[in-house]
Amino acid sequence: MKTTIKKLSEHVGKTVTIGAWLSNKRSSGKIAFLQLRDGTGFVQGVVVKSEVGEEIFAKAKGLTQESSLYVTGTVKEDERSALGVELDVTDVEVLHQAVDYPITPKEHGTEFLMDHRHLWIRSKRQHSILKIRNEIIHAVNEFFYTNDFVKVDPPILTGSSAEGTTSLFHTKYFEEDAYLSQSGQLYMEAAAMALGKVYSFGPTFRAEKSKTRRHLIEFWMIEPEMAFVEHEESLEIQEQFISHIVQSVIKRCENELKTLGRDISKLENVKAPFPRVSYDDAIKMLKEKGFDDIEWGEDFGAPHETAIAESFDKPVFITNYPKDIKAFYMKPDPNRDDVVLCADLIAPEGYGEIIGGSQRIDDLALMEQRYEEHGLTDDAYKWYLELRKYGSVPHSGFGLGLERTVAWISGAEHVRETIPFPRLLNRLYP
Ligand code: 4AD
Ligand code: MG
């Protein structure tokens, strides 16, 4: 009977066949241990010469790393294995014998591994991270589906910039100029006026020459937008959303988190509500922590975010930033015109900003004033203004960066390991 590694424990005592690759092997004159993987998991196959005979044993012993196989054997309980089973191999059929697989069990440098990313993703660690990514994607869709959000797909080719704060990738759109989307937000605002609560989940492009462990050139962003939702309610939805993602991963990716050596106690704590710190108080905290030269009105860099996050054991919202360092569409605080109703959510353990969000300006006159201040005379934005002309309502939204979330939850040092084929400042290959 054909099955997968993940399902082996359902077949204890039975003889089954799996399609697998050989990830590693140890052998002596009498016994061979095959480390097998099939995408659903990893399992050890044990080949005993006295049981399988000379010919099969010789075949098993001669297997090379990453050869593809059909392995037949009897499923046996084994406490030491992550899946609780191993396979007593009775037969091995070689589909393809791999020659000189470049990624051996020894240590390799990062650049070498990145050049071989198409193969590196087969390793146990990368496999675990990509499985966690998948679980996060699932949890995101599950959260929004159960809370009556409609998934809407904004365009990727756009005629103008959405944020005004980041650089864009330019391309030709026949005779016109076009840009790869750096955020679907403006389109999602239109969608919220049609469907109430919406979210997008798609690729996002930023042509900033950033080379940090948090920046990708191409990343995936989840952008909810909610009609009739004001700032504080949006923060409550954000904390519920993040709690749901983290708790789902803990529940469904136990083996993967263990493989990665992730300290789960730090994640278990991630349950709503999350602390909120105003930008004003964040400045005070930073000064107390020895950042003497930070002044009110300046944006925070990674060291500032990390310093603030260190005071909490959960993600923390930094709210109400100065208007001048945030995007043109953010609604001013009704009590103070110099700050806006926005929040960045900072992940613990130095992973930095994972969410940026705000309540949007819904007043036509104020939005027109912002257009002028930002020089948005371009016709490309006319439609966005019209949303404030026909049944404008208070509304809020936010953007969650998928890769930073994967990095934080899986404990990966750098976002390059959190997406199958990262696009980085100096890397478009493979
Ligand atoms: O803070 P950002 O730029 O916000 C927006 O684009 C808003 N329009 C979202 C909205 O309100 N609908 O980006 C949101 C998140 C960041 O918090 C971060 O997690 C991620 O996107 N992000 C990046 N992730 C990887 N590499 C980059 N270069 C990123 N830039 C932003
Ligand atoms: Mg931001």
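Predicted model: local features only at pLDDT ≥ 70, side-chain atom pairs only at ≥ 80, totals over all residues.
**Nonpolar cores**

Let's start on the inside. The largest nonpolar core contains 54 residues, and Phe 241, Ile 242 and Trp 408 are those with the most contacts inside it. Helix H7, spanning residues 231-252, supplies the largest share of this core with eight residues. There is also a second, separate core of 30 residues, with Ile 283, Ala 327, Cys 342 and Met 367 among its members.

**Salt bridges**

Across the whole structure, a search turns up 29 salt bridges. Here are some of them, with the N to O distance for each pair.

| Arg 122 | Glu 66 | 2.9 Å |

What does the pair of Glu 66 and Arg 122 tie together? Glu 66 sits in the loop between helix H2 (54-61) and strand S4 (68-77), while Arg 122 belongs to the loop between helix H4 (117-120) and helix H5 (124-146), so the bridge joins parts that are 56 residues apart in sequence. Glu 66 counts as buried, at 7% relative accessibility, whereas Arg 122 is partly exposed with a relative accessible area of 28%. This pair is also part of a network: salt bridges with shared partners join Arg 37, Glu 66 and Arg 122.

Lys 331 and Asp 362 likewise link distant parts of the chain, 31 residues apart. Lys 331 is found in the loop between strand S13 (316-319) and strand S14 (332-333), and Asp 362 in the loop between strand S17 (352-359) and helix H12 (364-373). Is Asp 362 buried or exposed? With 17% relative accessibility, Asp 362 counts as buried, because the cut-off for that class is under 20%. Lys 331, at 22%, counts as partly exposed.

For the remaining pair in the table, Lys 172 is exposed, with a relative accessible area of 51%.

Which residues form a nonpolar patch on the surface? They are Leu 157, Tyr 173 and Phe 174, which together have about 360 Å² of accessible area. Phe 174 is exposed, its relative accessible area being 71%, and it lies in the loop between strand S8 (170-173) and strand S9 (176-180).

Those strands bring us to the sheet. Strands of a sheet pair through backbone hydrogen bonds, in a parallel or an antiparallel way. Here, three strands make an open sheet in the order S7-S9-S8, with antiparallel pairing. Strand S7 (157-158) and S8 are at the edges with a single partner strand each, so each has one side without a neighbour in the sheet. The antiparallel pairing of S7 and S9 runs over two bridges. Leu 157, one of the patch residues, stands opposite Leu 180 in S9.

Conventions: Residues numbered from 1 in each chain as written. Chains lettered and ligands numbered in written order. Heavy atoms only, no water. Core = buried A, V, L, I, M, F, W, Y, C linked by side-chain atoms within 4.5 Å. Buried < 20%, exposed > 50% of the residue type's maximum accessible area, 1.4 Å probe, protein only. Helix = DSSP H or I, 4+ residues; strand = E, 2+ residues; numbered from the N terminus. Salt bridge = Lys/Arg side-chain N within 4 Å of Asp/Glu carboxyl O. Patch = residues over 30% accessible without salt bridge, like charges linked within 9 Å, V, L, I, M, F, W, Y side chains within 5 Å. Areas by Shrake-Rupley, 256 points an atom, 1.4 Å probe, with all protein chains shown as cover. Pairing = 2+ DSSP bridges.
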